[in-house]
Amino acid sequence: MLVRAGAAAATAAPRGLRRLWRGAGSGAAACFALGRALLGVRGADTALFLQGLLTNDVTRLVAGDATPAAGLPRALYAHALNVQGRCLYDVILYRLHESPEEEPHILLECDGGVLDAIQKHLKLYKIRRKVNIAPCLDLSLWAVVPGEQAGDITSSLAKSADQALILTPDPRTEVMGWRLITKKGANLAEIIPGSHIGNIQDYHRHRYKQGIPEGVKDLPPGVALPLESNLAYMNGISFTKGCYIGQELTARTHHMGVIRKRLLPVHFSAPLPKDSIPEGAEILTESGKSAGKFRAGGGELGIALLRLANINEPLCLNIAGDKVKLTASTPEWWPKNASK
């Protein structure tokens, strides 16, 4: 079933989105083809099934007697955790159904390299739930970054309802623009007039600059912890929903209120050599003390898990015997009271 473009267009562009992108490029919107996969979960038990596996409140995507479909979010961000409370998969959920009368239908966006693994993970817990799980190989996923003079990109949707399934603000933070889902082969210029296809490396550079993790390189399965990965800052967790796998450690950490390490954007003094940095390479202070671990990057930008006590110190990454200096920064999109 296709999402009616008119319904998507009714969502106004977030105020400040184009302001945040001012100076980021030309006036037209850039569309980046993402190498992430889409998995369809459909059936009467869809929300209840995903509710026990993910950190966010999936029931928000399903209309009830008190909540009409028009008032529901189009997308949610979440993580699937293991029983030890560590991240397995980062996902974005998209609501395809439009009314309570329709069968619940949710698209799950995940790292393309773990599509088979996440299907096995879901089917392991399916048991007798009335859900159907299948990859959506006929769909394409795009990140849309409006330029300074891109205008309201939703206004063009009514003219191309047969090509655009979903166009919604990225649920993590407005600095990441929009997510677009289309049929394969759709004409993006018709959906978003004036848009152009961007280089995917520019998309990743923007993610690193903003400190946004995405995929298994940034969030190593079974290693990353959700709150250290800024899941709460990215609207990806509910602390009031019922039980889900991995909840105990996550809830305890939240209520203790002590998070000593976080994922942060880092800027290097020189461009990084390609494919020569070992996974989890150690970041050191001037005195040689461990300050954290490098996760991923490109050029002079990257993302690293750092001890908050060390982020204002001179830091370096040891690469093949050479010390490359780096500086960490706190993203502007973080909550103003983000002091822990």
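Tutor: Leaving aside its neighbours within four places in sequence, arginine 172 is in contact with Tyr77, Ile92, Arg179, Tyr203, Ile212, Pro213, Glu214, Tyr233, Met234 and Asn235. Keep in mind that this is a predicted model.

Student: Where is arginine 172 found, and is arginine 172 buried or exposed?

Tutor: The residue sits in the loop between β8 (164–169) and β9 (178–183). Its relative accessible area is 2%, and under 20% counts as buried, so arginine 172 is buried.

Student: With which side chain does the side chain of arginine 172 make a polar contact?

Tutor: The partner is the side chain of aspartate 170, at 2.7 Å.

Student: How should I read the sheet to which β8 and β9 belong?

Tutor: Strands of a sheet pair through backbone hydrogen bonds, either parallel or antiparallel. Here five strands form an open sheet in the order β8-β9-β7-β1-β10, and the pairing is mixed. β8 and β10 (196–197) are the edge strands, each pairing on one side only.

Student: How many bridges join the strands, and which residues stand opposite each other?

Tutor: β8 and β9 run antiparallel and are joined by five bridges, with threonine 168 opposite arginine 179 in β9. Arginine 179 is also among the contacts of arginine 172. Between β7 and β9 there are six bridges, again with the strands antiparallel, and serine 140 stands opposite threonine 182 in β9. Four bridges pair β1 with β7 in the antiparallel sense; the bridge partner of phenylalanine 32 is alanine 143 in β7.

Student: Which way do the residues of β7 point, and are they buried or exposed?

Tutor: Leu139, Leu141, Ala143 and Val145 point one way from β7, while Ser140, Trp142 and Val144 point the other way, and all are buried. Because seven of the seven residues of β7 are buried, the strand is largely enclosed by the rest of the structure.

Student: Which strands close into a barrel, and in what order?

Tutor: Six strands close into a barrel, in the order β11-β14-β13-β12-β15-β16, with antiparallel pairing. From one strand to the next, the twist averages 45 degrees. As a detail, three bridges join β12 (residues 282–285) to β13 (residues 290–298), and leucine 284 has serine 290 in β13 as its bridge partner.

Student: Which strands does helix α6 lie across?

Tutor: Helix α6 (residues 200–210) lies across β11 (261–268), β13 and β14 (301–307), at about 30 degrees to β14. α6 also lies across β1 (30–33), β7 (139–145) and β9, running at about 100 degrees to β1.

Student: How do I read the empty spaces?

Tutor: Rolling a probe the size of a water molecule over the atoms shows where empty space is left. In this model the largest pocket holds about 930 Å³ of space. Of the 31 residues that line the pocket, the closest to its centre are Tyr208, Lys217, Asp275, Ala296 and Gly297. α6 and β13 are the elements that give two or more residues to the lining of this pocket, and α6 gives the most, with six.

Student: How many cavities of 30 Å³ or more does a search of the whole structure find?

Tutor: The search finds one. The largest cavity has a volume of about 50 Å³, and its lining includes His79, Cys87, Asp111 and Leu219. β4 (87–95) and β5 (105–111) are the elements that give two or more residues to this lining; β4 gives the most, with four residues.

Terms used:
Residues are numbered from 1 along each chain as its sequence is written. This is a predicted model: local features need pLDDT of at least 70, side-chain atom pairs count only at pLDDT 80 or more; totals for chains, interfaces and linings use all residues. Side-chain values use heavy atoms; hydrogens and water are left out. Buried means under 20% relative accessible area, exposed over 50%, partly exposed in between (1.4 Å probe, protein chains only). A polar contact is a pair of N or O atoms within 3.5 Å; within protein, one must be able to donate a hydrogen and the other to accept it, and residues adjacent in sequence count only if both atoms are side-chain atoms. Contact means heavy atoms within 4.5 Å. Two strands pair if DSSP finds at least two bridges between them. Axes are lines fitted to C-alpha atoms, for helices over the stretch in contact, and angles run from 0 to 180 degrees between N-to-C directions. On a 1 Å grid over the protein atoms alone, a cavity is a set of points where a 1.4 Å probe fits but cannot get out, and a pocket is an open set with protein on both sides within 12 Å along at least five of seven lines; lining residues have an atom within 4 Å of a point. Grid points are joined across faces, edges and corners, and a volume is the space filled by probe spheres set on the points.
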